[in-house]
Amino acid sequence: MKLLSSYIKEMKIAARGFYFYVELGIAIIMLLILLFAIAENPDSKSKEYLFNDLPDAMTDAFVEEDIEEGVARWADDAELTLKPIAFEITNEETGELASYNYDEEKIVTARVLEKVNTQTGALTGTTYILDNEEDMIRLSYAEQAIGATTSLDDTGRLRYKYYLQGYETDRMVDLLYVLHNEDPDVFAASFDSQQVRTLDTFGTLNSRQGLVPLFVAFAGSLMGFFIVMAYIFLDKDEGVIKAFAVTPSSVWKYLLSKTMVIMTTVVVSSSIITIPVMGGQPNYLLFYLFVITTTFAFATLGLLVASFSKSLTQAFGALFVLAIMLMLPAFSYFIPSFDPVWLRFFPTYPVLQGYKEILVVGGNVGYVLMYSGVFLVGGTLLFLLANIKFKKTLTV
Amino acid sequence: MISVKNLSHSYNKDETKAVNNISFEVQKGETFGFLGPSGAGKSTTQNILTGLLKLQQGEVTVGGFDLKKVHNERFNKIGVSFEQSNVYGKLTAKENLKFYAKLFDVETRDPDELIALVGLQGKEKVRAGEFSKGMKHRLTFARSMLNNPELWFLDEPTTGLDPAIAATIKDIIREQQKKGTTSFLTTHNMFIADELCDRVAFIIDGEIKLIDTPKNLKLEYGKKLIDIEYVKDDKIVKETLKTVDEHDKKRISEIVNAYDIRTMHSKEATLEEIFIEVTGRGLV
Ligand SMILES: Nc1ncnc2c1ncn2[C@@H]1O[C@H](COP(=O)(O)OP(=O)(O)O)[C@@H](O)[C@H]1O
Ligand SMILES: [Mg+2]
């Protein structure tokens, strides 16, 4: 009861204050950026890269068929620049890992097949046909587009190897299987030797959705960390903590009610950012579990920092260093090649990863649950420490 | 209600003591005053008694609870009015009291009634942030009465208030005294100490110099002073002299013999004069 009324009181104070609206304002700005400044798919026409390990005559025969049907047409050959890149792919079936690392830029020529809509004649996609498998793989990962190799097996059956980014929907992967299983002749061969490889990043997220984890982590957990401190320092300024300390209610109730206010605010702000962009796709139960546990951990970290200082100015040094540290993992988010192991120890790293897993179709629920647990336990420890510290420093 | 034995406190945990080896007892129903100049250690003592400062050294029981052990429930019986007002600026006067009341396990008083009592009627719905310093102080004072405290801590209850409001506050304290509330009151105002306290402790530099009733103090030190106004070189000169002091006695007869006396009467010493006599220092 005391906790509830304390929470209601803190909510009232927050709603009449400045920081609450700062938090919501930032969330709205982030949403506007996502909706209006970030295109859903920068290049909405689909691209694919092919290597046909087949006799030329066979390739041409396939293409001729498509051209006759009016679904494809030849375009001029293209010069493609292969930028330096490093990536890893796993064989879905065997789990085998292969690393690719290219330091040199390379220019190759590809035959270009344009796919057209038979009714409108509009261009719907482009297929680049490369003359070797390696370039095809490299391009498909550099461009984050699907890649495929077609070849013949010993018995003369067609065999397909797909190189996927890992963010294709399950539906699409199923489709690939179904597509080649239609023909009973292909079935055995294609199914048995089907090698679907995935790259272990991103998810089913388009470029707009890909930013949601970052924005939610920032407007959510990280803001919670700052704002809880702002609230505590406002109270220290007003001296109301002292008044609280001479009641039968315990300090932890005061601290927890503050934390609950932050969690409420962050639930609202993260919803503002996430729901309009992601729609009904994510598992919101998991999403809010993660929002609440991560915010709890960050808010309690804020409490602990606040317990050591008299004022925001005094806490500024610690704050500055912490803020930079907490933001570092965002770099790795944008630069996949920058992912040192030590970065994983920064608490924002699993926050970003966790949100990614939640928003991606078929994401790693186990990861999210595990880190929800970690943040809950970590937050509880920080909370206990903050509580001890606050009991001692009430008059400071 | 309060028992303090050999209490010392140092903010820096060193030899500089804000409170130095003080002992006193406060009886049930009594109003006990701490009188001393600013920086004497009054608030420090109150903050230790109310648990805001950790007890470092000494034996202290408050309302029957040993301060060495944590008993949050003791606050159901305790009310604290702070020297510096500390209410939520973002909450209205009434909300401030309403939410504070919820923190107690005992029956609490009606916020509206308390607001009216301290002369803030009509301001119930105004946010405390818009209040003047004096109004905030009154709200802080009103809040300390919410839980009908048996033991009431008042740190400088009238300081900074205009005289009319100070009078209201004094009336409220007297009213509570009649109801049997035990009070611990700190002040640097001798009139407050004189008018409201059953017993007064003189405190300076963290040490208690004396504890007695204002009446005894005046009996002992009072009626021994003579105010003389006389004319010297066409100017009126005023002197206050002690009738018990040999040097002063001589001076009195000198004045009487040499000058034209305008007025001359013996008077009761004020607590401040007694304070100066006892401690050698004034109250400011
Ligand atoms: N938080 C504090 N930290 C360090 N010294 C303090 C603190 N509060 C008070 N003091 C010092 O302790 C002494 C007693 O102060 P205080 O108890 O506030 O006096 P009073 O209430 O009688 O005016 C003063 O010398 C004051 O400067
Ligand atoms: Mg004081």
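Residues are numbered from 1 along each chain as its sequence is written, and chains are lettered from A and ligands numbered from 1 in the order in which they are written. Local features need pLDDT of at least 70, side-chain atom pairs count only at pLDDT 80 or more, and totals for chains, interfaces and linings use all residues, while side-chain values use heavy atoms, with hydrogens and water left out.

**Ligand 1**

The residues around ligand 1 (a heavy atom within 4 Å) include Tyr11(B), Ala18(B) and the run of residues from Pro37(B) through Ser38(B), Gly39(B), Ala40(B), Gly41(B), Lys42(B) and Ser43(B) to Thr44(B). This shell divides into four nonpolar, five polar and one charged residue; Ala, Val, Leu, Ile, Met, Phe, Trp, Tyr, Cys and Pro count as nonpolar, Asp, Glu, Lys and Arg as charged, and the others, Gly among them, as polar.

| Residue | Part of residue | Distance |
|---|---|---|
| Ala40(B) | backbone | 3.1 Å |
| Gly41(B) | backbone | 3.0 Å |
| Thr44(B) | side chain | 2.5 Å |

Ligand 1 alone exposes 560 Å², of which the protein buries 57% (Shrake-Rupley method, 1.4 Å probe).

**Chain A confidence**

Residues 181-203 of chain A have pLDDT below 50. Where pLDDT is low, the predicted coordinates should not be read in detail.

**Interface of chains A and B**

In chain A, 24 residues are in contact (heavy atoms within 4.5 Å) with 26 residues of chain B. Arg16(A), Val246(A) and Pro248(A) supply 29% of the area that chain A buries against chain B, more than any other three residues; buried area is the accessible area (1.4 Å probe) that two parts lose on being put together, summed over both.

Three salt bridges (a side-chain nitrogen of Lys or Arg within 4 Å of a carboxyl oxygen of Asp or Glu) are counted between chain A and chain B. Lys12(A) forms a salt bridge with Glu95(B), with the closest N and O atoms 3.1 Å apart.

How values were computed
Polar contact = N/O pair within 3.5 Å; in protein donor to acceptor, adjacent residues only side chain to side chain. pLDDT = per-residue confidence, 0-100.
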